[in-house]
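The following briefing concerns the fold of a single chain. Please consult the sequence and the structure shown here alongside the text.

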Amino acid sequence: MSRLQESRPGKKLVKTTRVVNGIDVEEEIWVDDLESPAFKLREDCRLLGKRLKRVDGPAKLTGAAEYTSDVRLEGMLYAKVLLCPYGRANITVDVSAAQDSKGCHYARQLLEETKYLGQPVAVVAAETPELAEDALRALVVEYEALPWALDRDQAIAEGAPLVRRRGNIGRPRDDGDADATAAAFAKCAVVVEGEYSVPVQHHVCLETHGTVVDFRGGEDAIVYCSTQGTHTITGDAADSLGLRNSQVRGIVQHMGGGFGSKFGLERAGTLACEIARELKRPIHLMWNREAEFLTSGNRSGAWQRVRAGASAEGVILAMDSEVERYGGVGGGSHAGLPYLYKVENATRKHSSVYMHLDTNCAMRAPGHPQASFAMEGVVDELAAALEMDAVEFRKQNLRNDAHKSQLDRVAKLIGWHEHPNRTSAGGVDGLKAVGIGFGVSQWGVGGSPVCQVDVRVQPDGSVSAEVGSQDLGTGTRTYLAAIVAEELGRPLDGVQARLGDTRMGNANASGGSTTTPSLAPAIQDAARQMRGVLCAAAAETLGCSAEEVVLQPDGARGPNGSLTWLELCASLPPEGASTRGKWQSDLAVSGVACTQAAKVRVDLLTGRVKVEKMVCLQECGRPLNRLALESQIRGAMTQALSYALLEERRLDPRLGIALSADLETYKIAGSLEIPEFVALVDDEDLREGVAGIGEPPVIPGAGAIANAIYNACGVRLRHLPLTSDKVLNAIEQRKSS
Amino acid sequence: MTDRTRDEGGCKRAADQRAALDGLSRRAFLKGAGGVAAGSVLRSKVDAARAQDSAEAGLEGEVTVEFMLNGAPERVKVEPRTTLLSALRHHLDRPATGTKEVCDQGNCGACTVLVDGEPVYSCMTLAVKAAGTEVRTVEGVAGADGLSTLQSEMWASDGLQCGYCTPGFVMSLTACLEKNPAAEMDELRAACSGNLCRCGTYTQVFEAGLAAARAGKKPR
């Protein structure tokens with residue numbers, strides 16, 4: 001019997017997302033079919049859905065917030081790694097001079113043959129960071145350079161050094177009916193074709209990957225790690241420390257950015273644990289910036305050839321695509337074409353090309369911005385070929401009705417209807433040209449039943465809410481406090497929110513935008529139960545039924561009297577009251593749509609592109625904290641702008657060296673690039689469940705910006721980043737043609 | 001591609017390629033600053049300059065550097081090559097870790113502190129250069145009530161996400177607003193042009209700076 005036909009008493013089947021190594025996998029699971037402890041009605045909320053200041057704001061603004069890199073322990077040593085400066089090499093390290101260098105307690109060769117450029121080859125630990133640098137310098141390293149393949153040409157060349165035994169080109173996957181697609185192309189009034197490429201993008205977490213291990217021998221260790229998964233620490237660390245999971249406590253109080261790159265302990269963490277185990281001393285090992293660029297994962301690059309055709313009425317009938325993913329020693333990721341638009345007949349061919357570079361990993365919507373960039377470009381080309389309005393053409397071909405409504409509103413907010421180039425692009429004459437472009441995205445989201453949230457109320461009136469989740473800067477700590485405060489009628493600062501400790505309840509790693517839809521329902525469940533406990537306690541004192549009790553900021557009120565909050569709490573047993581909440585499927589939503597528009601000004605003499613304005617409408621189900629949501633949306637648009645115009649990993653494949661492993665040569669958007677942002681939660685989404693929105697708003701921006709450049713001056717740019725030289729070349733070509 | 005290359009001491013590392021700072025690379029200074037005897041105390045900029053001038057040979061030894069940190073006298077014993085950032089984060093008896101290390105080569109501004117009121121990248125400033133100066137860090141800009149006007153406005157506008165760049169932005173804007181309490185948007189943006197934020201919180205930070213300027217109060 002198939003799962004769909006199966007039924008289980010008291011259970012129901014819900015769609016959810018499980019995150020495996022940061023990549024979300026959709027699946028269906030059985031959960032208890034119970035009535036959910038719904039959030040209060042939107043109009044009745046004092047806190048939820050409002051603009052809440054972060055509860056950890058003051059700590060972060062005054063430097064009091066302690067990140068992993070800030071942990072200082074008695075007797076702690078600083079560990080540092082040496083990276084292989086070549087594409088690939090055999091390595092011999094003489095560590096004796098390093099071991100003898102001042103303040104150095106540890107020096108070890110890590111491997112004999114490197115697999116990728118920048119792989120750590122040796123590690124040292126010394127009493128200060130400066131002495132650790134000295135120890136690195138004292139390592140005598142003999143590199144026997146081996147042939148490498150650092151770009152596509154080198155990887156596919158005859159006799160290329162093998163990255164994997166099975167060859168450097170992954171087995172291509174073909175999908176779709178070629179005959180039907182060919183027949184559909186024959187019916188098209190217009191056909192466009194283009195090659196699109198995107199470079200490798202780095203996460204650029206400002207706090208690098210790293211771990212501080214508090215271990216001095218014995219049977220317990222505390223492991224501080226800059227990770228997106230607090231509860232992933234213990235297992236990884238216990239293995240490296242030779243302890244049992246229960247002997248390791250993992251802590252993530254604050255972390256300086258992850259964006260998908262920080263799952264588990266990672267290499268820096270296992271190394272720190274190995275050294276601590278051997279020396280029986282606390283170890284501080286944070287990657288330096290170079291290691292962060294070369295050996296901590298990235299968003300894979302891609303090359304895409306896309307051909308698409310549409311009818312004279314503006315219906316996309318056929319698409320044919322070929323995609324290569326470039327994920328270093330990893331397979332890369334790509335969401336697939338056609339992306340989000342309806343195309344009745346499509347064929348596609350996908351493969352990976354492997355190189356001697358560190359593996360790609362999850363990065364904010366893994367695989368999606370790559371696919372979106374090509375898809376939005378092709379859709380725009382078809383609209384242009386048919387001289388149709390770019391917004392109307394999109395609405396006609398999108399699957400999701402939410403996108404159609406969002407496109408109308410976004411078009412209005414960006415000034416599309418007053419814009420002259422709605423059905424044909426501007427020209428290249430004159431000094432400047434202004435254009436507007438669009439893009440859409442959606443995300444599965446979905447929560448899962450993994451979080452255990454504990455709410456406690458003490459007789460002294462204090463309230464705490466705790467769960468071993470983590471706050472990546474998204475505001476988790478704040479909505480943890482807000483949901484409980486809302487339900488119990490307390491002020492926001494009347495609830496102590498605690499996170500980031502494996503001694504607290506279980507929680508999922510933050511990937512696939514699943515933190516909020518997994519966690520918030522469990523918080524609400526715990527809070528609702530606590531409200532029941534408090535109402536019952538009040539009812540007993542007030543001589544009424546629990547249903548008649550209302551909790552409000554000054555305490556509890558019944559038909560015959562009231563109690564102050566302190567009086568109510570004082571009536572609890574000496575140990576106070578505690579409740580544990582579990583996930584409630586009805587409080588999490590699946591599927592959120594996002595639409596963006598970008599307005600650019602192109603300097604036709606220099607090719608410089610200035611993004612003037614970006615607008616985003618983002619569905620998120622029930623918004624918990626509008627302020628934090630808007631910040632996250634603006635941040636996503638900033639990263640998309642940066643991806644579109646600035647970011648690119650550069651290498652010299654011939655010399656086998658990295659050319660952009662620092663923030664001087666790898667550019668990210670700074671204060672002078674930032675346009676006017678309009679970041680809006682889509683209030684037409686009236687679903688009662690919550691969603692996470694880390695990923696979707698990062699997807700469509702690059703396509704929207706490239707389309708805006710085309711709309712401004714009629715040059716179609718298909719290779720990110722859209723730097724001035726490319727824009728200027730395209731302008732000159734158009735002038736001369 | 002099969003040449004055997006002998007690379008003593010991992011000299012290809014970025015750390016060794018660091019550019020000159022104030023016309024004097026750390027390494028060059030390290031070579032030249034050994035004349036500062038172990039245990040000697042640098043109290044003023046003049047002492048620090050003399051120490052540089054008179055330096056000859058000898059890489060060993062530490063110097064004691066005295067400066068005011070957020071209004072209180074601070075004394076730290078470091079090797080002459082130690083940056084102000086490292087001294088603050090790693091070498092003080094009570095490390096001041098509010099100031100963040102992100103790039104360690106003057107690209108990102110996360111380590112911005114004020115030395116005698118001027119914003120400097122503390123990763124590009126030797127600790128000995130701070131001798132006799134007044135150093136202010138993110139831990140020291142608030143008044144007794146907890147947050148400066150700028151910090152309060154940044155909290156209100158959500159001018160922080162992961163928070164790792166935040167101390168640098170607080171210091172750059174504090175310096176800007178102390179120089180021009182009525183700063184306008186262009187000036188505030190320019191003041192932050194040496195600071196990078198990966199979460200993309202710039203807009204809210206600028207809004208906060210503008211609100212602080214409009215509040216008409218000099219941030220403490």
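Chain A contains an open sheet of seven strands in the order S5-S6-S3-S13-S10-S11-S12, with mixed pairing. The model is predicted: local features require pLDDT of at least 70, side-chain atom pairs count only at pLDDT 80 or more, and totals for chains, interfaces and linings use all residues. Residues are numbered from 1 along each chain as its sequence is written, while chains are lettered from A and ligands numbered from 1 in the order in which they are written.

**The seven-stranded sheet**
- Strand S5 (104–109) and strand S12 (248–251) of chain A are the edge strands, each pairing on one side only; two strands pair if DSSP finds at least two bridges between them.
- On average, neighbouring strands of this sheet are turned by 20 degrees against each other, direction ignored (axes are lines fitted to C-alpha atoms, and angles run from 0 to 180 degrees between N-to-C directions).
- S5(A) runs antiparallel to strand S6 (residues 120–126) of chain A, and five bridges join them.
- Within this pair, A:Cys104 stands opposite A:Ala126 in S6(A).

**The chain overall**
- Chain A has 17 helices and 29 strands, taken as DSSP runs (helices H or I, at least four residues; strands E, at least two) and numbered from the N terminus.
- The radius of gyration of chain A is 28 Å, close to the 27 Å that the globule rule gives for 737 residues, so chain A is as compact as a globular protein of that length; the radius is taken over C-alpha atoms, and the rule is 2.2 Å times the number of residues to the power 0.38.
- Along the principal axes, the C-alpha atoms of chain A fill a box of roughly 85 × 70 × 60 Å.
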